[in-house]
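Work through the exercises below with the model open. Each task is followed by a solution in steps.

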Amino acid sequence: MDGMVHSIETMGTVDGPGIRFVVFLQGCPLRCRYCHNPDTWVWDAGTVRSTDELLAQYNRYLPYFRNGGITVSGGEPLCQMEFVTELFTEARKRGIHTCLDTSGITFDKNDEAKKKNFYSLTKVTDLVMLDIKHMDSEQHIKLTGSSVENVLDFALFLDGSGTEIWIRHVLVPGWTDDRESLTRLGTFTGRLKNLKAIDLLPYHKMGKIKYDKLNMTYPLSGVPECQPEEIKRARNIILEAVRKARLEEENKCRK
Ligand code: SF4
């Protein structure tokens, strides 16, 4: 099967465990203000690549992928879900660890036909790295153009399917770093049984250069980059909420 690929990173170290072969797919329905890959947004750019070609390319770098595997990122990879499912199915047959890096935005808990496809994908996915960009729907709309409900529904769906979950959250000063939002994030994620990690990513402006090249206005030009002490503060708030949520869940089970 063919997919529309934006680019390949053959030695990725930040998109899942170990050293990984990262496939960035073309096309995204969101417009995150802090996106550093606006060149992935449009649907009709990129290069057509088949799953066989990608796996052959993976094999050429095989000696480097100890403890790694394949990650599919984007853009939004769920917009090419059939392609990702086939790639991961073939990867699994070869014993390759599979990781999906997604916003979860295309999930719809009321669409049973679509949910079947999501089930097929989770069966061949070892790990999902799910971006929760904001817990508040209005703020999520301001930040990305879409509401957050599908993302949270997708997290619960994954949890029910037994798939390992890493939550990723970009800390943007003045946008996603207030105590209430971080506490809500910790409370929600603390209730996920299959949560393996929470990654806090500091907002930076390295993507601005792409906006300049594409002749686009950079949406967060007045926002400062996130500093290490802010990450520490946010992590403490989130972990406190996670601990509380876990304790509450344990108490519920005891009753
Ligand atoms: S989901 Fe990812 S690729 Fe899409 S706009 Fe947001 S940050 Fe960019």
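**Exercise 1. Which residues are linked with Asp 101 and Arg 168 in a network of salt bridges?**

Step 1. Apply the criterion: a salt bridge is a side-chain nitrogen of Lys or Arg within 4 Å of a carboxyl oxygen of Asp or Glu. By this rule the count comes to 18 salt bridges.

Step 2. The network links Asp 15, Asp 101, Asp 131, Lys 133 and Arg 168.

Step 3. Strands (E, at least two residues) and helices (H or I, at least four) are DSSP runs, numbered from the N terminus.

Step 4. Both residues are buried, where buried means under 20% relative accessible area, exposed over 50% and partly exposed in between (1.4 Å probe, protein chains only).

Two notes on the source apply throughout: this is a predicted model, in which local features need pLDDT of at least 70 and side-chain atom pairs count only at pLDDT 80 or more, while totals for chains, interfaces and linings use all residues. Residues are numbered from 1 along each chain as its sequence is written, and side-chain values use heavy atoms, with hydrogens and water left out.

**Exercise 2. Where do the salt-bridge partners Lys 115 and Glu 112 lie, and is Lys 115 buried or exposed?**

Step 1. The N to O distance of the pair is 3.4 Å.

Step 2. Both residues belong to helix H3 (residues 112-123), three residues apart, about one turn of the helix. An α-helix has 3.6 residues a turn, so residues three or four places apart point the same way.

Step 3. Lys 115 has a relative accessible area of 15% and is therefore buried. Glu 112, at 52%, counts as exposed.

Step 4. For a second case, take Asp 212 and Lys 208, which meet at 3.2 Å, N to O. They are four residues apart in helix H7 (residues 208-213), so about one helical turn separates them. Asp 212 is partly exposed at 45%, and Lys 208 is partly exposed at 32%.

**Exercise 3. What is the order of the strands in the open sheet of eight strands?**

Step 1. The order is E3-E1-E2-E4-E5-E6-E7-E8, with mixed pairing; two strands pair if DSSP finds at least two bridges between them.

Step 2. Strand E3 (47-50) and E8 stand at the edges with a single partner strand each, so one side of each has no neighbour in the sheet.

Step 3. From one strand to the next the twist averages 30 degrees.

Step 4. Strands E1 (residues 2-12) and E2 (residues 20-25) run antiparallel and are joined by five bridges.

**Exercise 4. What span should helix H6 (residues 179-190) have, and what covers its buried residues?**

Step 1. The expected span is 1.5 Å times one less than the number of residues. For the twelve residues of H6 this gives 16 Å, and the end C-alpha atoms are 16 Å apart, which agrees.

Step 2. The buried residues of H6 include Leu 182, Leu 185 and Phe 188.

Step 3. Among the elements covering the buried residues are helix H5 (149-161), strand E7 (164-171), strand E8 (195-202) and helix H8 (228-254); contact means heavy atoms within 4.5 Å.

Note on methods:
Axes are lines fitted to C-alpha atoms, for helices over the stretch in contact, and angles run from 0 to 180 degrees between N-to-C directions.
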